[in-house]
Amino acid sequence: MRVAGEALAREAARYASLGWMRATSGNLSIVLCRAPLRLAVTVSGLDKSELRAGDVAVVDAAGAARPVGPARRPSAEAALHARLAEAAGAQAVVHVHTIASVRAAERWPGGVELEGLEMLKALGRGADGDRVRIPVVDNSQDMTDLGDRIVALRDPRTPAILIARHGLYAWGDDLGAARRHTEAVQWLLEWALADG
Ligand SMILES: CSCCC(=O)C(=O)COP(=O)(O)O
Ligand SMILES: [Zn+2]
């Protein structure tokens, strides 16, 4: 758990340094075990630029805490991480609150369409002739409802989704892949917004 906690804290500090986890926003997870599903997730409500190795909780497929050692309160969005681990096979999930993700979801509530950009390769998509749609879901305070809609609306070819008036989720086979997807989506959203 300490290794997972160190990795999540290091990763969170990186996103926070970019201004993507302001005001305690955002959360991260990695899958520890598939059967039964167990994830290490950042704890709730802390400044994500200052996480320590112990600021991590273990959760199950429902996002409920499965205390190992001293109990910590998992992210309020842990259930969404678990749903993405199950539905998308994600090994690592990143959630950040970037202004570009919120602005883009506002402008394109039906999804952000992208094509003909080299950066799409970072999402495992084609730079030419591959029309990519980053889906948008409405926000909710009910994690079961929000998780249901994320699972229903996600595109299996696109490792990211926007939550309106909230932020973005991206995932991958490890924290490095999830970071690449997060940074690529952020770049693409900034480009789309700048393009008008
Ligand atoms: C101002 S942050 C509001 C909660 C949120 O959306 C978030 O990403 C952080 O929640 P956590 O419980 O993981 O700290
Ligand atoms: Zn959030």
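In what order do the strands of the seven-stranded open sheet sit? They go E3-E2-E1-E4-E9-E8-E7, with mixed pairing.

This is a predicted model, where local features need pLDDT of at least 70, side-chain atom pairs count only at pLDDT 80 or more, and totals for chains, interfaces and linings use all residues. Residues are numbered from 1 along each chain as its sequence is written, chains are lettered from A and ligands numbered from 1 in the order in which they are written, and side-chain values use heavy atoms, with hydrogens and water left out.

View 1. Strands here (E, at least two residues) and helices (H or I, at least four) are DSSP runs numbered from the N terminus, and two strands pair if DSSP finds at least two bridges between them. E3 and E7 (136-137) each have a single partner strand, so one side of each has no neighbour in the sheet. E8 and E9 pair in the antiparallel sense over four bridges, and Ile161 has Tyr169 in E9 as its bridge partner.

**View 2. Strand E2, wrapped up.** Buried means under 20% relative accessible area, exposed over 50%, and partly exposed in between (1.4 Å probe, protein chains only). Six of the six residues of E2 (residues 37-42) are buried, so the strand is largely enclosed by the rest of the structure. Leu37, Leu39 and Val41 point one way, while Arg38, Ala40 and Thr42 point the other way. E1 (residues 27-34) runs antiparallel to E2 and is joined to it by five bridges; the two form a hairpin with two residues between them. Arg34 stands opposite Leu37. Four bridges link E2 to E3, again antiparallel, with Val41 opposite Ala57.

View 3. Glu77 is buried at 11% relative accessibility, and His166 is buried with a relative accessible area of 11%.

**View 4. Ser75, in the loop between E3 and H2.** Ser75 is buried, at 7% relative accessibility. Its side chain makes a polar contact of 3.1 Å with that of Asn27. A polar contact is a pair of N or O atoms within 3.5 Å; within protein, one must be able to donate a hydrogen and the other to accept it, and residues adjacent in sequence count only if both atoms are side-chain atoms. A polar atom of the Ser75 side chain also lies 3.0 Å from the backbone nitrogen of Glu77.

**View 5. The largest nonpolar core.** Such a core is a set of buried Ala, Val, Leu, Ile, Met, Phe, Trp, Tyr and Cys residues joined through side-chain atoms within 4.5 Å. This one has 42 residues, with Val112, Leu114, Leu162 and Leu189 touching the most other members. Helix H5 (residues 175-195) gives the most, with eight residues.
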